[in-house]
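Dear colleague,

I am passing on the structure we spoke about, and below it you will find my notes on what came out of it. Please read them with the coordinates open beside you.

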Number of protein chains: 2
Amino acid sequence: MSFSLTILGSSSALPKPDRFTTAHVLNAHERFFLIDCGEGTQIQLRRFKIRFGRIHHIFITHLHGDHFFGLPGILSSFNLMGRKNPLHVYGPDKLQDIIMGLYETMGEKLNYEIIFTKVNFKQPELILETNNLSVTSIPLKHKIPTVGYVFREKDKLRKISRDLVTEMGLGVKEIISLKAGHDVIRPDGTCLESEKYTTPAAKPRSYAFISDTRYSELIIPMIKGVDLLYHEATYLDEMKRRAKETGHSTAAEAARVADLAGVRKLLIGHFSARYRDSLPLLREAQDIFPNTVAAEDGLCIDVDNS
Amino acid sequence: MSFSLTILGSSSALPKPDRFTTAHVLNAHERFFLIDCGEGTQIQLRRFKIRFGRIHHIFITHLHGDHFFGLPGILSSFNLMGRKNPLHVYGPDKLQDIIMGLYETMGEKLNYEIIFTKVNFKQPELILETNNLSVTSIPLKHKIPTVGYVFREKDKLRKISRDLVTEMGLGVKEIISLKAGHDVIRPDGTCLESEKYTTPAAKPRSYAFISDTRYSELIIPMIKGVDLLYHEATYLDEMKRRAKETGHSTAAEAARVADLAGVRKLLIGHFSARYRDSLPLLREAQDIFPNTVAAEDGLCIDVDNS
C-alpha cells in the first residue's frame, strides 16, 4: 500500500519558476492528502500528474499567502471539472470566512460541499481518523497561529500466505482472527496458532509536516520516531537571528529537531529565495543529521520503514 | 520607445503547466502595465524576467478566478520586496472589497498604497491618461460584468536630426516648436519651416485587450484600426453554441471582429484546455484574418505600425 510524498512547492514566501510556494501531497493508500496550497498548486498537480479527483482532504497550516493562495484556484477548478464529492478542508477558522466570503462576493456557486474543520492552536488534536490513517495537528511557534500535521498509519494486520489459506481450507472468520493475532480453535479441537500461521504485520508508517516555525523542542514528543519528518529550513545557521525574528528555522535547527526526535529521515524545504540552490542548506543539515534530503519541486519520496 | 506585449498566461479557466491562466504585460515606454492576473502571474513575471518594480498599474477585466486569482500573491510579494510606491488597480468595484477584506482577515498590512479605480460596465470610459498613453475601458458581453482595455499612445512629436540642431544652432524653444509642427521665425526674419526641418512623427501605436466575451460587433468602433488586437478565442467554431452559452468566442469569431475592425494584427488566446495545441484555432482564425498569431506563454510581440 502506497505511502509516499510528492513535493509541489519548496520555496518560502517568494516563488521562483522552479520552486513554487509550499504544497505537499501525501499518497496514503491511494488517497491523496494535500498539505498547504501555495499559489500554483493546481498547476503543479497537473505537472506531476496527480489526479484532482483523488484529493478529498486539504490541510492548511496557517494564513500566510505562500501557504494558501492556491486554494481558491483549486476549488474553482474542482468545480469546473464537475466535482460532486465533498471536500474536507482543515485550517484556521478564518480560512472558512475568507473562502466562503470570496465566492459569495464573486457570486460563484461551488457545486460540491466544503466541510471546514477548525484546527486547535493551543494543543495537539486528532483531527481526522480513517480506516487506516490518523491525522493530528500540532501547534507551532510562528509569527501567526500555525499548526503542523502528523499522519500515521494505523496498526496493520499480520500477513497470511494465500497458499496456506488454500492448503488449510481457512474460512473468512479464521483468517480475520489469525491476522489479528488470535489463535483459532477449530470444531475438531485443533489449534491454529496465529504466530505460526502468519508473519508479523508491516510497521505503520508516519509522516510529520512541520510548517513555518522557529526552533522549538516542544514539538518533539509529538513527532518522536516518525519515518519522515518535513521541517522547514528557511535559512542557513549564519542567519539564525533573522530566522528567530521572522518565526523561521535554520537548516541546522531542523536537523537538531530531527536528531532529538529520533526520526528516520529528514526532509528540509521552504528555502529562502536568496539561496540559488539548496546544497548549502542540505550540507548544513546533514552535518547534524546525515539522513536528510532537500525538497525540490516534483521530488517523490516513498516513506519506508522496512 | 518600446511598445511591446508579453503573454504570461494563454489558457482559459483551467491552467496547464505550459499555459497559465490569463495575464499580459504591456511595456509602454518602459512602464509595465499588467492586464489580468491569473494564478501564478508572479511566477511567470520571474520566468520571463519582467521586473516587479516596473509595474505600477494592474488592470483586471472581471471577477472570474482565472483572471485575478494571482493578484493576492503579487500584492504580497510586492510587500515582501519592500515596495513603497503606490499601486493603481483598475477593475470591478467588488475587487477592492475582496482584496482589502482578505488582508484584513489575514491581519497582514501592506506597506504601500493601493489606489483602486472602479471600471464602468455600461459605457467606454477613459480610465488612465499619462504623458504618452491613454487607457480606455470597454464593456464586453460575458456571463458577468466584464471590460476590455484599449491602450493608445498619444500623438508624438515630429523628428529632428541632431546634425541639423548643431548645424543651425537651434535653441530649445525652436526645437520644441519645430517638433510640434510650428514654423519658427528667427529674430533676423528667417523662417524655419517645420515641414522642411523635421520628418513626420512616428504614428501612435495601440493595443486592445478583449478579454472574455461572446461575439459582439458593438466593440468594433472602440477598437477600430488598432495595431494589435488581443481577442479571446476559447473554442473552435464547431463549438459556437457552447461559446455563446458560456459567454465566449470562437477563433473564427475573433477573426471576424479583427476583420470588421480593420486591425493590423490579431492575437488569439484563452484557449480551452481541451485543445492540446493552438494550431487548429490559429488556422481557423487565419482563414478569415491572415495576420493572426496564437498566444503562447512567454511570447513577446513588438507592436509595430511602421
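This is a predicted model: local features need pLDDT of at least 70, side-chain atom pairs count only at pLDDT 80 or more; totals for chains, interfaces and linings use all residues.

As for chain A as a whole, it contains eleven helices and 16 strands, and its C-alpha atoms fill a box of roughly 70 × 50 × 35 Å along the principal axes. A compact globule of 306 residues would have a radius of gyration near 19 Å, and the 22 Å of chain A agrees with that. Buried residues account for 44% of the 306 residues in chain A. If one takes the contacts in chain A between residues at least 6 apart in sequence, 63% of them join residues at least 24 apart.

Two helices of chain A deserve a careful look, namely α10 (residues 251–261) and α11 (residues 279–288), which pack at an angle of about 30° with their axes 8 Å apart. The crossing of α10(A) with α11(A) is right-handed. On the α10(A) side the residues that meet the other helix are A:Ala251, A:Ala252, A:Ala254, A:Ala255, A:Arg256 and A:Asp259, and on the α11(A) side they are A:Leu281, A:Glu284, A:Ala285 and A:Ile288. By type, the residues of this contact between α10(A) and α11(A) are seven nonpolar, no polar and three charged.

The helix α10 (residues 251–261) of chain B can be described by its burial, since eight of its eleven residues are buried and the helix is mostly covered. The buried residues of α10(B) are B:Ala251, B:Ala252, B:Glu253, B:Ala254, B:Ala255, B:Val257, B:Ala258 and B:Ala261. Their cover includes α8, β13 (228–232), β14 (265–269), α11 (279–288) and β15 (292–294) of chain B. After α10(B) comes B:Gly262, with a positive phi near 55°.

Turning to how the two chains are arranged, a rotation of 180° with 0.0 Å of shift along its axis superposes chain B on chain A, with an RMSD of 0.1 Å. That is the relation of a two-fold axis. In chain B, the C-alpha nearest the axis belongs to B:Gly40, at 2.7 Å from it. Both copies use the same surface, given that 100% of the contact residues of chain B recur in chain A.

Which elements of chain B give two or more residues to the side that touches chain A? The contact itself takes 30 residues from chain B and 30 residues from chain A, and the elements in question are α1 (41–47), α3 (71–80) and α4 (93–106) of chain B. Of these, α4(B) gives the most, with seven residues. The residues on the side of chain B that touches chain A divide into 14 nonpolar, ten polar and six charged.

Two single positions remain. A:Thr117 is found in strand β6 (residues 114–118) of chain A and is partly exposed, with 16 other C-beta atoms within 10 Å. Leaving aside neighbours within four places in sequence, A:Thr117 is in contact with A:His88, A:Tyr90 and A:Ile127, and the C-alpha atoms of A:Thr117 and A:Ile127, ten residues apart along the chain, are separated by 7.9 Å. B:Leu218 lies in the loop between β12 (206–210) and α8 (220–223) of chain B and is exposed, with 11 other C-beta atoms within 10 Å. The C-alpha atoms of B:Leu218 and B:Leu140 are separated by 8.6 Å, although these residues are 78 residues apart along the chain.

With best wishes

Conventions:
Residues are numbered from 1 along each chain as its sequence is written. Chains are lettered from A and ligands numbered from 1 in the order in which they are written. Helices (H or I, at least four residues) and strands (E, at least two) are DSSP runs, numbered from the N terminus. The radius of gyration is taken over C-alpha atoms; the globule rule is 2.2 Å times the number of residues to the power 0.38. A residue is buried if 20 or more other C-beta atoms lie within 10 Å of its own, exposed if 12 or fewer, and partly exposed in between; C-beta atoms are placed from the backbone. Two residues are in contact if their C-beta atoms, placed from the backbone, lie within 7 Å. Axes are lines fitted to C-alpha atoms, for helices over the stretch in contact, and angles run from 0 to 180 degrees between N-to-C directions. A crossing is left-handed if the near helix is turned anticlockwise from the far one by less than a right angle, and right-handed if clockwise. Ala, Val, Leu, Ile, Met, Phe, Trp, Tyr, Cys and Pro count as nonpolar, Asp, Glu, Lys and Arg as charged, and the others, Gly among them, as polar. Copies are superposed by least squares on the C-alpha atoms of residues with pLDDT of at least 70 in both.
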